[in-house]
Amino acid sequence: MPTRRRALLVLAVLVGLALLSLLVALAAGSLPVSAGDVLCALSGEKGGLAVDVIRGLRLPRALAAFACGGLLALAGALMQVLLRNPLADPYVLGISGGAAVGALSAMLAGLTLALMNLAAFAGALAAMLLVFGLAHGDSSWTRSRLLLTGVIVAAGCGAVVALILSISPDDGLRGMLFWLMGDLGQAISPWPALVVLALGLLVTLPFARELNLLARGDTLAQALGVSVGSVKHGIYLVASMLTAVAVTTAGSIGFIGLVVPHLVRLAMIRLGWGNDQRLLLPASALAGGSLLVLADTLARTVIAPQQLPVGVLTALLGVPVFLFLLGRQPNDRQ
Amino acid sequence: MTASKPAMNAPLLEAAQLAVNIGGHRVCHDLNWRVEAGESWAILGRNGAGKSTLLATLAGLRAQDRGRLSIAGHALPLASQGAGARAMARVRGYLSQHQIDPFASTVMETVLVGRHPHLGRWDWESAEDRRIAGAALNEVDLGGFAEREVQTLSGGERQRLAVAQLLGQEPQLFLLDEPLTHLDLSHQVAVMELFTRRATEGAAIVAVLHDPGFAARYCRQTLLLFGNGEWLAGPADEVITATNMTRLYGHPLRELCADGNRWFVPG
């Protein structure tokens, strides 16, 4: 595991990269802007059209992208520990399915964007409580039962989503598809997501060492003094809330939640630092945020003026990068 | 564990009228038993008698069905849950029968996990923790393995790593569920010796074992679980007899003596 100094150093570098990605997002776009415009926009001085575009459009969108990427990566890292399964992602327990049912129902009913977000959040919460209640059952809360319940609820939500898509009029389909793939164009304000991300880090970091133990099994964790039941419930609730907020802000953006914690873990293992959540959680949040900012910048510039849903780009870029890193990892089991 | 101050000379482990059941099977009933500092206990019984279930109950990892159970004067299972769990982990250590490694990790990291109960919420492992972990690795003959990936270890090496993790935890009461699993003979002897050395230094050990000969040789006391809820506890010399072993395992066993050690072979 890393020493505290090294961990802080890594985090400082990642903060630098995050700021850099935000600057790129502010500068890139169909309207060319100068570095001076960017500085002017950030310092709050009055400026021309470019400054207004940066301050009014690009900055909120870039911040929303950062917050959503951070939320998804942090939630993914937590789910992987909770389910003790490196294949888990924030959506595996049906949160995004519930949100999709809520959002698409609202779109079908022709509600406003704000009401749609509300419906998405309500759907996510409903799925979370449903899975929690069903998996809890007679108070025995095993991993396989939680995972199965989540997968089944997600499948049910998938069916409802398919139903809504098939009965909705053609002109609404495009918006629904963009929502399902994840799109930051629909983000209203970045602040709720940013605040929740900060809160999420604040409540999970004090328990990071407990999570390290939990990743090694419930019995070991309990024998070494972790109060396993409450920590597990806590992670489930926090990870679900983070996911619900991310999905409400920008739809179900795929891949970030699964791959970013993995990439960070792969890098840490190569450095001989193992699977230490004290570094993994904040590093995943920062890396996930930066990655989504860059992906969203690409999504709105690659074939400008047309915009791509960012979820398509995260997958298109993420898959080869991940396969490359996985292939280069020495297979220790042999 | 601040709520009730333990009596100064409370035994490390005390069971009174303890009843433990699992899946409708009686592990023990009316168990009255004390483990004092310096004692070394073996728990013997046939497969499915409930040895591991009893040990997990003694560790506070599952609740007893009836009766009182306490570790160093703190009533279980309450004292091993919630806020008291960390303080409890500084007193009793538990070696599980199975070790799992879903995520990659180095040997040193895995040993350092045992230091958790000694670290505050914001503490990181200090040089002193690393020294303790290194010493524990040396003790189980894994001295040069610190940077090895855990998932590349053999079964016996992984078992010794779990022992090192427990040594790093520095508890006073060692609850060992089949500590000799996967170990070759020389390491079986070495591990039993290092635990009995802990007992002579003032700790106590309770070990689930499968070989009555090892139990007779390394443990001074023995608890037999007959599989129907009945039990027998006492000095190993008196409890581990050919008659008792034959009844315990449901198979005729003969006692052989060599160099002052007693061994039991199927008759």
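Which residue is the bridge partner of Ala16(B) in β4(B)? The partner is Arg68(B). The model is predicted: local features need pLDDT of at least 70, side-chain atom pairs count only at pLDDT 80 or more, and totals for chains, interfaces and linings use all residues. Residues are numbered from 1 along each chain as its sequence is written, while chains are lettered from A and ligands numbered from 1 in the order in which they are written.

Strand β1 (residues 13-22) and strand β4 (residues 66-71) of chain B run antiparallel and are joined by five bridges. Helices (H or I, at least four residues) and strands (E, at least two) are DSSP runs, numbered from the N terminus. Two strands pair if DSSP finds at least two bridges between them. In chain B, four strands in the order β2-β1-β4-β5 make an open sheet with antiparallel pairing. At its edges are β2 (25-35) and β5 (74-75) of chain B, each of which pairs on one side only. Helix α1 (residues 51-58) of chain B lies across β1, β2 and β4 of that chain, at about 130° to β1(B). Such angles run from 0 to 180 degrees between N-to-C directions, with axes that are lines fitted to C-alpha atoms, for helices over the stretch in contact. Contact means that the C-beta atoms of two residues, placed from the backbone, lie within 7 Å.

Chain B also has an open sheet of six strands, ordered β6-β7-β8-β3-β9-β10, with mixed pairing. Its edge strands are β6 (92-95) and β10 (231-235) of chain B. Strand β9 (residues 221-225) of chain B pairs with β10(B) in the antiparallel sense over five bridges, and Gln221(B) stands opposite Pro235(B).

Chain A brings us to helices. The 25 residues of helix α6 (residues 143-167) of chain A should span 36 Å at 1.5 Å a residue, and the end C-alpha atoms are 36 Å apart, which agrees. The expected span is 1.5 Å times one less than the number of residues. Among the buried residues of α6(A) are Leu146(A), Val153(A) and Cys157(A). A residue is buried if 20 or more other C-beta atoms lie within 10 Å of its own, exposed if 12 or fewer, and partly exposed in between. The buried residues of α6(A) pack against α4 (95-108) and α5 (113-136) of chain A.

The two chains meet through 27 residues from chain A and 29 residues from chain B. On the chain A side, α10(A) gives the most, with four residues.
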